[in-house]
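Take a walk through this protein model.

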Amino acid sequence: MDAGADNFTQLADKSLTADIKIATWCPTMDLLALSTADGQLCLHRLNWQRLWAVSPESPVTSLCWRPDGKVLACGYEDGYISLLDVENGETMQRGKMVAGVASAIGWVEEQADNVIPEGSLAYQARTARFCQAPVSATPAPGSAPRQVYAESRADHQQPQWPVLPKRLDMMCVASGSALSIATFGLFPLAGLDVSPVANKPAAQTQVSIVKATMTPDLNQLYLLWFESRQGNSSGHLSLTICDTTTLADRRRELHMLAQIATYTMSLLNGAESSLAGAEQQWTDAMKVLDDKLQAMQRLMQDHGKEDASPRDEFQALLASGSLSPAMHQFLTSTLGESGVKKLSKAMDSAVGSIGNILVDHLQPSIQAAAFKLNELHSLAKCTRQLEPLGLQQEPLAAAQELCERLLVRAETLRMGVCQAGVQYRHFFAWLLRTVRRLNDDNPSAATEAAAIKVDPSYVAAFLHGQFCTDMVGPELKAVTSTQPALESLLAAIELTSPLKTLMAILGNDSSSYTSLPSSATIRHMLQHTVQLCTGAFARSPTAISTTIKPLTHLALASKTPFPPAASIWVPTAHATDLLHNSTASEGEGQPCVCFLAQKARGQQHLGLLRVAPTPPASQRHQPHLHFTMMEACLVTTPSHESIVDFAFYKAGQIALLLKDKSRVSHGGSASCRLVIFSLSDVPFMLLDRYSNGTNQLSQHVFEACLKDGAVCDLPDALRQRSSTYGQVQGPLAVSGSRGVACVPSGKQRAVVYDLVEDEDEPGEVDDRMDNEDE
């Protein structure tokens, strides 16, 4: 093809505030996620309109889209993974998946023909039939005004149960030589380490997984990893294909387990967030009261009453009606009628807010979690199919028992908060009546008749109990209380017989798994419940990990510089029809690996490795993939050009970003271009002749291709576009589903190309841009 011909239309050329570190296109929409060198993570439309931007606390080290394009997974330097909503960039889930840097993320969804038909599941979600859906929106501590829950609950939208996904999705997160596999977001399924495959002492080598992904049939796991000796800047690049048929064969049970476990943990985490919000509400109200009491204590010290306390003054006033000078000044000047009303309003608002939190969110969440754990415990007891997944009865029974005790404790807390609210209301009403009488020297009969009615017994009980020791705040804290405060507060409440019975059975008795101190608070009980559930669900990854075995190991190239340039392509769940589509080009639907290698004299080669579309006759009926079913070749770039970056485009096509290095060496302006070629124009070579009787090759794929002459130049039948800038750099972001590419160019600029111009009808590109504007 003519080197001067341009086959791609330039859609945008935009300036950036910082260099691009990571870029990835959404698979279902024209959206580009960028992580830049200044620490920002932002999302752009095709017309470069920025939808949102966030500044994570830890540097972003990897990005990956969920296959449906609705969630963006972000890996961080501290090993945490965040799942961000594409609509607004808000964090939907966050958790620590790996111990080190989350260097690579791969996300795949099971193919459509693997999806379990509706109605064929042994398990059907029944929670909505028996449990009330909790209110989904719970304010984080300090993020909402105090009146947020005190307002009428009629303002809340009717809570809805979430729609559970019908397909399994597998997320692979790599850090060093370790890999973690999760589903339904961040629910862990398995973990493995590729260090044993290196077969060398860990002290002498460093192993890092470069790319990791699974095939949509869930039968194989592809791992590209790099091995180097300490102190060396180059090393060996290898591919390991693992057998994950257990995940495919047990996908029905995994789907059920992950469904229940994921939602149970979200309910418990939501309950913990609700208690944190309740704690903040109560702390704010108590701070307002404490400030006034401290002011009263200072007044008493000024009047020479250092040994007395505000409680003593209030009790003297209640018992005899006598006022000390300090108390008189406090009530008439420091506090006043407006101050009493402010304190009463703050406490009433806090009590109302906490009550609504308990009723609308905490209790429904715990009830639904207990129901889910009961279902899972029953399934583990009755279903042998769950045994290989590591699901055991005892931990689930312990978590279920503690969750039931927690439900009773939540009702006890609600009653305690109500009782505290009644006492505070009588106390402030008594103070308000006292202040009004002090301000009115000669109250009339009508004024006396309109005086606030106060029960002195409530005020006395308040001064002897809640005023001296806060009995609600410690119950909301994430520590073990040293006093049975809540029980003291409830002593005056006439409990119903059923609640007394439940408190006796579930509140005191406990098994060895759920033993807690009698002074444990509800917050402490909830945290212990989360730990029990986490421990129960953590047994599944341990059991499943033992079933994942290396199937094939191929050494791709030696003397590869770090970080290695390599990529894996597997057919997506929405494109698996290519595997059986007779009109598709040969090999287009097969998994493929692409890597960069070079000879000793520096000439670059693009290595290609894929599953053979027509395997050897000896391997056609083998149930598992073997390396003799693989084929490879090398593509050589022109001697005057170097490969800046590469990426898979559509099935069977690869995009290359090339730079003319000869002009740079002579001091001129470099010529850069973006090219796309098809694998159908490249001669592949079967690797069956290099068998050594094991699941490994007798030599590197790169060396085997050179030895057998499986080397070719860039095909003539390619499409390309010359860059208007003399400098381009990685990362090259290409979207096969959307047909666009983003090339970092010049000095902090990004150029967007339309790659399907010759396939579009006239005006189609303009229509896409217009749709983005709308």
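Leaving out residues up to four places away in sequence, serine 62 touches Ile22, Ala73, Cys74, Gly75, Ala102, Ser103, Ala104 and Ile105. Contact here means heavy atoms within 4.5 Å. The model is a predicted one, where local features need pLDDT of at least 70, side-chain atom pairs count only at pLDDT 80 or more, and totals for chains, interfaces and linings use all residues. Residues are numbered from 1 along each chain as its sequence is written, and side-chain values use heavy atoms, with hydrogens and water left out.

Serine 62 sits in strand β6 (residues 60–65). Strands (E, at least two residues) and helices (H or I, at least four) are DSSP runs, numbered from the N terminus. The relative accessibility of serine 62 is 4%, so this residue counts as buried. Buried means under 20% relative accessible area, exposed means over 50%, and partly exposed lies in between (1.4 Å probe, protein chains only). The side chain of serine 62 also reaches the backbone oxygen of alanine 102, at 2.8 Å. That is a polar contact: a pair of N or O atoms within 3.5 Å, where, within protein, one must be able to donate a hydrogen and the other to accept it, and residues adjacent in sequence count only if both atoms are side-chain atoms.

One of the residues that serine 62 touches is Cys74. Cysteine 74 has 0% relative accessibility, so it counts as buried. Cysteine 418, at 38%, counts as partly exposed. How many disulfides are there? The count comes to zero, where a disulfide is a pair of cysteine sulfur atoms within 2.5 Å.

Now go to strand β20. Glutamine 604 belongs to this strand, which spans residues 604–611. Eight of the eight residues of β20 are buried. In a regular strand the side chains alternate between the two faces of the sheet. In β20, Gln604, Leu606, Leu608 and Arg610 point one way, while His605, Gly607, Leu609 and Val611 point the other way.

β20 has partners. Strand β19 (residues 592–598) runs antiparallel to β20, joined by seven bridges. Two strands pair if DSSP finds at least two bridges between them. Across this pairing, phenylalanine 595 stands opposite glycine 607. Strand β21 (residues 630–636) also pairs with β20 in the antiparallel sense, over seven bridges. There, histidine 605 faces threonine 636.

Look again at glutamine 604. Its relative accessible area is 15%, so it is buried. A polar atom of the glutamine 604 side chain lies 2.6 Å from the backbone nitrogen of isoleucine 643. Beyond its neighbours within four places in sequence, glutamine 604 has contacts that include Leu596, Val635, Thr636 and Ile643. Arginine 610 lies over the face of phenylalanine 684, at 4.0 Å from the ring centre. For this, NZ of Lys or CZ of Arg must be within 6 Å of the ring centre and within 35 degrees of the ring normal.

Next come the rings. A pair of aromatic rings is described by the distance of the centres and the angle of the planes. The structure holds 12 aromatic pairs. Tyrosine 424 and phenylalanine 428 have ring centres 6.0 Å apart and planes at 20°, so they are stacked. Rings of Phe, Tyr and Trp (its six-membered ring) pair if their centres lie within 6.5 Å; planes under 30 degrees apart count as stacked, over 60 as edge-to-face and the rest as tilted. Both tyrosine 424 and phenylalanine 428 lie in helix α7 (residues 393–439), four residues apart, about one turn of the helix. Both are buried.

The rings of tyrosine 424 and phenylalanine 462 have centres 4.7 Å apart and planes at 65°, so this pair is edge-to-face. This pair links distant parts of the chain: phenylalanine 462 is in helix α9 (residues 456–464), 38 residues from tyrosine 424. Ring pairs join Trp282, Phe314, Tyr424, Phe427, Phe428, Trp430, Phe462 and Phe467 into a cluster.

Finish with the backbone. Most residues other than glycine have a negative phi, and most peptide bonds are trans. Tryptophan 48 has a positive phi of about 75°. Tryptophan 48 lies in the loop between β4 (41–45) and β5 (50–54). Phenylalanine 184 has a positive phi of about 50°, in the loop between β12 (178–183) and β13 (187–193). A cis peptide bond joins glycine 730 and proline 731, with omega about 5°.
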